[in-house]
Amino acid sequence: MRGNVLRRSFLQTAALLPAAEAARPNILLILADDLGWADTGPYGNRVIETPNLDRLAGESMRFTNAYSSAPICSPARAALLTGRSPARLHFEFVTKYADSKPTTVTPLRHPPFTLNLPLEEETIAEALGGAGYRTGIAGKWHLNAHHQQYLGYSPEYGPGRQGFDFAAEDRGSHPYSYKERTFDGCGDGVYPQDTLTKGATGFLRENRARPFFLFASHYYVHTPVHTRCRWLVEKYRNKYGGDAKRAMYAAFVETFDHYVGQLLKEVDDPGLRRNTIVLFTSDNGGNPEVTSNAPLRGSKWNLYEGGVRVPMLVRWPGRVKAGSQCDVPVIGHDVFPTLCEIAGVARRGRLPLDGRSFARLLRAPRGRGWNRDALHWHFPYYIPEHTATPDYRPQSSIRKGDWKLIYYYEDDRAELFDLRADPGEQHDLAGSMQPKARELVGDLKGYLRSVDARLPVRR
């Protein structure tokens, strides 16, 4: 029944289009790594230059309340690709080497590490590939135990086993690909050549004659943050009054923007642009070691807004109004059902989804006819490097309307915020609004029970 609904939705849209444009749309999904909500021009940054993302935003719908499914990489990516929440997937932390051991110096014992995305999970690539799409990934996977090297693709659990016809395990110009942190390799005004982007654009060029889905999964702007372009660092050192750390990060973001521009140039070909959807987002909030998520509180590794609110832009010429804005909350695991509905593709699997298609919002961004009870997050882990930091301890969260509650497992404590009045989460209302806090704690725990979520326990 669900598949029939998705197919009717596509056919209803296609009926309004000329025959030549009624073919299934191409899909380019661009995922940044650790890019903060406020790190680019479309989201208010007035220092870092991101001309390609600025242009994309002007041609897209900009979501102001888009969220990652998790405040850290692997679970966010797993949810994005499967439409299922990290709590339901039992995939709540980053993958590790197979012999990794959990920390033993904490009051709570967190769940075992999940090393691989199970093969029975259906990914976007499997759903679209089964309907005739050519599918590809270039870059970061991080959904299997590190194989042979850090972040290495696994032959058993890598993208080739999860529906991707083309998989380029390439770190490009990211510092993961080089050891010596020197300034060389690019002259003034020249950015480093990026083989990851070259592989991605090659895939686009080779598959333009049939529907394609490309997951351009960058390592930028994840640490280590470094560029070999002295000119770029000096440009931002001047802007930041000599602050070398901020200058290096800004140079990193601008370099990433340049690679996004190369991808967009490839699909801006007149033969591709009109029937190609571009969806841009980030896997989680910014890393506090290198950037600030202000005006939002928090960062990667916790469930404050700075850890989970992310940029999201969706471009589809002629179908999505250029320069439009949607303030309705959406979350990473909504991407799977959204792309399936737009493409008119029925899911093959029977596993329950947590995501909800926001295709309706692309036509009606005010949310008329859109009803969703709540968004949920579940992060039952300590960050090994920060076990003494309260913000980085096991926690779960719920957003219901404009109310946001974060629950901490160590001390059975909740914080409550009104995001409409206090988007920076500066005023905890749990004490003054105890009935509302109890209500949301009950709703959150009910959701976690319903998905059989794994919880931290006392030692």
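Me: Ala, Val, Leu, Ile, Met, Phe, Trp, Tyr, Cys and Pro count as nonpolar, Asp, Glu, Lys and Arg as charged, and the others, Gly among them, as polar. What makes up the lining of the largest cavity, by class?

Reply: Seven nonpolar, five polar and two charged residues. A word on the source: this is a predicted model, where local features need pLDDT of at least 70 and side-chain atom pairs count only at pLDDT 80 or more, while totals for chains, interfaces and linings use all residues. Residues are numbered from 1 along each chain as its sequence is written, and side-chain values use heavy atoms, leaving out hydrogens and water.

Me: Why is this space called a cavity?

Reply: Because, on a 1 Å grid over the protein atoms alone, it is a set of points where a 1.4 Å probe fits but cannot get out. Probe spheres set on the points, which are joined across faces, edges and corners, fill the volume, here about 80 Å³. Its lining (residues with an atom within 4 Å of a point) has 14 members, with S68, L80, T281, S282 and G332 nearest the centre. Helix α3 gives the largest share, three residues. Helices (H or I, at least four residues) and strands (E, at least two) are DSSP runs, numbered from the N terminus.

Me: What makes Y191 and W231 an edge-to-face pair?

Reply: Rings of Phe, Tyr and Trp (its six-membered ring) pair if their centres lie within 6.5 Å; planes under 30 degrees apart are stacked, over 60 edge-to-face, the rest tilted. Y191 and W231 have ring centres 5.5 Å apart and planes at 75°, so the pair is edge-to-face. The two lie 40 residues apart in the chain, with W231 in helix α7. Y407 and Y409 are also edge-to-face, at 5.1 Å and 90°.

Me: How do you know that the charge of R309 sits over the ring of W37?

Reply: The rule wants NZ of Lys or CZ of Arg within 6 Å of the ring centre and within 35 degrees of the ring normal. The charged end of R309 is 5.3 Å from the centre of the W37 ring, and sits over it. K404 lies over the face of W377, at 5.9 Å.

Me: And what makes a nonpolar core?

Reply: Buried (under 20% relative accessible area, 1.4 Å probe, protein chains only) Ala, Val, Leu, Ile, Met, Phe, Trp, Tyr and Cys residues, joined through side-chain atoms within 4.5 Å. The largest such core has 52 residues, with L28, I30 and F280 among those with the most contacts inside it. Its largest share, 13 residues, comes from α8.

Methods: On a 1 Å grid over the protein atoms alone, a cavity is a set of points where a 1.4 Å probe fits but cannot get out, and a pocket is an open set with protein on both sides within 12 Å along at least five of seven lines; lining residues have an atom within 4 Å of a point. Buried means under 20% relative accessible area, exposed over 50%, partly exposed in between (1.4 Å probe, protein chains only).
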